[in-house]
Amino acid sequence: MEIVSENKSHGGRQLVVKHASSATSTDMTFSIFLPPQADNGGKLPVVWYLSGLTCSHANVTEKGEYRAACAELGLIFVAPDTGPRGPGVADDEAFDLGQGAGFYVDATQEPWTPHFGMWTYVADELPTLVGDHFPADMERQGITGHSMGGHGALTIALFFPKFRSVSAFAPIVAPSQVPWGQKALASYLGDDRAAWREHDAVALIEDGARVPELLVDVGTADPFIENELRPELLEAACAKAGIALTLRRQPGYDHSYFFISTFMAEHLRWHAERLRRG
C-alpha cells in the first residue's frame with residue numbers, strides 16, 4: 001500500500017492511497033479522509049462514497065465538499081475509483097462502458113472478466129484493507145454514491161446487511177429497465193436477465209431484499225431523470241415493500257457536483273445519526 005498524497009484539511013488528513021487489488025488484478029487508487037478525531041485513539045464510523053460514470057476518486061475528493069462535515073461528525077470518508085484502469089484493462093470508446101464505468105458488478109463476460117470485479121472490491125476487499133490499516137469501525141459502515149455509484153450503493157446495501165445506513169444522489173435505481181443499465185449489465189453479465197436482478201435495486205426489493213430506510217436526492221433539472229434514473233420506480237417498490245424512503249426532488253438542481261456538494265453535509269449527518277445508534 002502506497003500513500004500517493006497527504007494533505008491536512010479541517011484538522012484531519014486527506015490521503016490518496018494506491019494498492020494492488022486481487023479483485024481487479026490491477027493497481028487501484030482510493031481517497032480516504034481521516035477526521036481529527038482519528039488522532040485520539042479508538043475507531044470511527046466510515047462512510048463509503050461510490051462515484052458515477054467517467055469519474056474517479058478525484059471527482060468527489062476535489063468537488064464533494066464533505067471534509068468539514070466529516071471533521072465535525074467524526075466520520076471517515078472513503079472514495080474508491082469506479083473501476084480498474086491501465087493499458088492492459090479492456091475498454092470501450094463509449095463513456096458508459098469500460099474503464100471509468102465498472103458499474104459495481106463482478107463481470108462474467110469477456111473481455112471484462114479478468115479485471116472488472118468491482119462488486120467484490122467494494123463490498124469485501126477494500127473494506128478489509130481499510131479496516132486493517134486505518135481506525136475504521138467496521139461495525140458502523142454507511143454507503144452512498146452518485147448516479148452509477150448511487151446504483152452501486154443501493155444494490156450493495158440491499159445485498160449486504162453489514163451496511164447500517166444507505167443514501168444516494170441521483171441513482172440509477174432500475175438498471176434493467178433503462179438504456180445505461182441494460183447496456184452495462186448485458187456487456188458485463190451476459191444476456192440472462194435473471195443474473196441482472198442482484199444488481200438492480202428495484203428488482204432486489206421486489207425479490208425480498210430490505211433495508212430499514214433510504215435517503216435519496218435527485219434534481220428536477222437533471223437531464224437523465226426521465227430516461228435513466230427513474231426515481232418513481234424506487235418510490236413504488238419501497239412503498240410496496242414497506243421500506244421508509246425519503247425521496248427528495250430538489251427543484252432546479254442538475255446531475256453535477258454543484259448538486260452533490262449542496263446536499264452532501266445533510267447526507268453525512270443522516271448517516272452519522274444512524275451510525276451512532278447501538
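How many residues does helix H4 have, and how far does helix H4 reach from its first C-alpha to its last? Select residues 148–159 to see helix H4. Helix H4 has twelve residues and reaches 17 Å, close to the 16 Å expected at 1.5 Å a residue. The expected span is 1.5 Å times one less than the number of residues. Helices (H or I, at least four residues) and strands (E, at least two) are DSSP runs, numbered from the N terminus.

Before going on, note that this is a predicted model, in which local features need pLDDT of at least 70 and side-chain atom pairs count only at pLDDT 80 or more, while totals for chains, interfaces and linings use all residues. Residues are numbered from 1 along each chain as its sequence is written, and side-chain values use heavy atoms, with hydrogens and water left out.

**Stay on H4**

Color helix H4 by burial. Eleven of its twelve residues are buried, so helix H4 is largely enclosed by the rest of the structure. Buried means under 20% relative accessible area, exposed means over 50%, and partly exposed lies in between (1.4 Å probe, protein chains only). Among the buried residues are Met-148, His-151, Leu-154 and Ile-156.

**Zoom out**

Show the whole chain. The protein chain has ten helices and nine strands. Its radius of gyration is 17 Å, close to the 19 Å that the globule rule gives for 278 residues, so the chain is as compact as a globular protein of that length. The radius is taken over C-alpha atoms, and the globule rule is 2.2 Å times the number of residues to the power 0.38. The C-alpha atoms fill a box of roughly 50 × 45 × 35 Å along the principal axes. Buried residues make up 59% of the 278 residues.

**Walk the first strands**

Select residues 2–9, strand S1, and then residues 12–21, strand S2. S1 and S2 pair in the antiparallel sense over seven bridges. Two strands pair if DSSP finds at least two bridges between them. Find Lys-8, which stands opposite Arg-13 in S2. S1 and S2 form a hairpin with two residues between them. His-10 in that turn has a positive phi of about 50°.

Ser-21 stands opposite Thr-26 in S3. This hairpin has four residues between its strands, and Ser-25 in the turn has a positive phi of about 55°.

Pick Thr-24, in the loop between S2 and S3. Is Thr-24 buried or exposed? At 0% relative accessibility, Thr-24 counts as buried. Thr-24 touches Pro-84, Pro-114, His-115, Gly-117, Met-118 and Tyr-121, not counting residues up to four places away in sequence. Contact means heavy atoms within 4.5 Å.

Select Phe-33 and Phe-77 together: Phe-33 stands opposite Phe-77 in S5.

Next, show the largest nonpolar core, which has 94 residues. Such a core is a set of buried Ala, Val, Leu, Ile, Met, Phe, Trp, Tyr and Cys residues joined through side-chain atoms within 4.5 Å. Phe-30, Ile-32, Phe-77, Tyr-188 and Leu-268 have the most contacts inside the core. Center on Ile-32. Beyond four places away in sequence, the residues that Ile-32 touches include Leu-15, Val-17, Phe-77, Val-130 and Phe-134.

Most residues other than glycine have a negative phi, and most peptide bonds are trans. Go to Thr-54, in the loop between strand S4 (44–50) and helix H1 (57–63). Thr-54 is not a glycine, yet it has a positive phi of about 75°.

Move to Tyr-104, in the loop between S5 and H3. Tyr-104 has a positive phi of about 55° and is buried, with a relative accessible area of 0%. Pro-111 is in the loop between S5 and helix H3 (118–133). A cis peptide bond joins Glu-110 and Pro-111, with omega of about 5°.

**Last stop**

Select Glu-266 in helix H10 (residues 257–275). Glu-266 is partly exposed, with a relative accessible area of 38%.
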